[in-house]
Amino acid sequence: MEKALVLIVEDNVVIAKSIQAMIADHGMEVIGICNTGEEAIAFAEHQQPDIVIMDIKLGGKMDGIQTAAVIRDMYRTPVIYLSDYTDHVTVRKAKPTQPVNFLAKPFTEADLLRAIDIAVYNANALRALEERENDEFVFVKTGLQKYSRLEYNSIMYVEASRSYCNIQCVDKLHNITMSMASLAEQLAPSRFIKIHRSYIVNIRKVREITGTEVAIGNYRLPISDKHRAELMARLNVLH
């Protein structure tokens, strides 16, 4: 399990200390224990935990859901809820704060550690994805020891060709030794979309859709039935 800096927000001292012991036994660090929402918000501002374990019922003016909403909005810190109540009303109120997990009391040590592990992994994956989304270019191997920079805006589409990929740019065709699946993982999902088992297109280059084809520049590429609905949704088609 990856090491994480954890903030516990729990007004029951016995439970808070129990959680701290569980976490410490597995190499994670509890950087604070708060018993009110107001205290937790102030703490998160200065210490910036990796994850917050939040009891829904707290002392003070704010409950755990209100507190989590502020922490998520301000610091985007993932939250795991703890609650004695798992009724539909409580869960429905908690959903808008996008918790990474919801543990009903009493929970086991295994349940808690699993929830933290998943939360840390997903947070790191999201951070990596956002960093990639902010990039406007990618480097591809175009020679024995040569890597060329390709601006996203210059890429028209990618075509799979056995163990190779052809990247058709506005001004040049690049042939690289990489599978379509591997290349797709390195392209920003907001910019590129798969329309066929053999084609990925730059969604910003699509100029026309006809029956079973997409027009990108002067090229016409096939759309498979499997991918058509997602493409139409992504293009924000007006009906």
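Student: In this predicted model, what is the handedness of the crossing of α2 and α3?

Tutor: The crossing of α2 and α3 is right-handed. By class, the contact of α2 with α3 has six nonpolar, two polar and one charged residues, and the residues that meet are Gly-37, Ala-40, Ile-41, Ala-44 and Glu-45 in α2 and Thr-67, Val-70, Ile-71 and Tyr-75 in α3.

Student: Why are α2 and α3 called roughly parallel to each other?

Tutor: Two packed helices are described by the angle between their axes and the distance between the axes. Here the axes of α2 and α3 come within 9 Å and cross at roughly 15°; angles under 35 degrees count as roughly parallel, and α2 and α3 are therefore roughly parallel to each other.

Student: Which residues of α2 are buried, and what puts them on the same side of α2?

Tutor: In helix α2, which spans residues 37-47, the buried residues are Gly-37, Ala-40, Ile-41, Phe-43 and Ala-44. They lie on the same side of α2 because they cover an arc of only 165° around the axis. What covers these buried residues includes β1 (5-9), β2 (29-34) and α3 (64-75).

Student: How do you know whether Glu-10 is buried or exposed?

Tutor: The relative accessible area of Glu-10 is 3%, and buried means under 20%, so Glu-10 is buried. Glu-10 has its place in the loop between β1 and α1 (13-24), and, not counting residues up to four places away in sequence, Glu-10 touches Ile-15, Ala-16, Cys-34, Asn-35, Asp-55, Leu-58, Leu-82 and Lys-105.

Key
Residues numbered from 1 in each chain as written. Predicted model: local features only at pLDDT ≥ 70, side-chain atom pairs only at ≥ 80, totals over all residues. Heavy atoms only, no water. Buried < 20%, exposed > 50% of the residue type's maximum accessible area, 1.4 Å probe, protein only. Helix = DSSP H or I, 4+ residues; strand = E, 2+ residues; numbered from the N terminus. Arc of directions from axis to C-beta. Contact = heavy atoms within 4.5 Å. Axes fitted to C-alpha atoms, helices over the stretch in contact; angles between N-to-C directions. Parallel < 35°, antiparallel > 145°, perpendicular 65-115°, else oblique. Left-handed = near helix turned anticlockwise from the far one by under 90°. Nonpolar A, V, L, I, M, F, W, Y, C, P; charged D, E, K, R; others polar.
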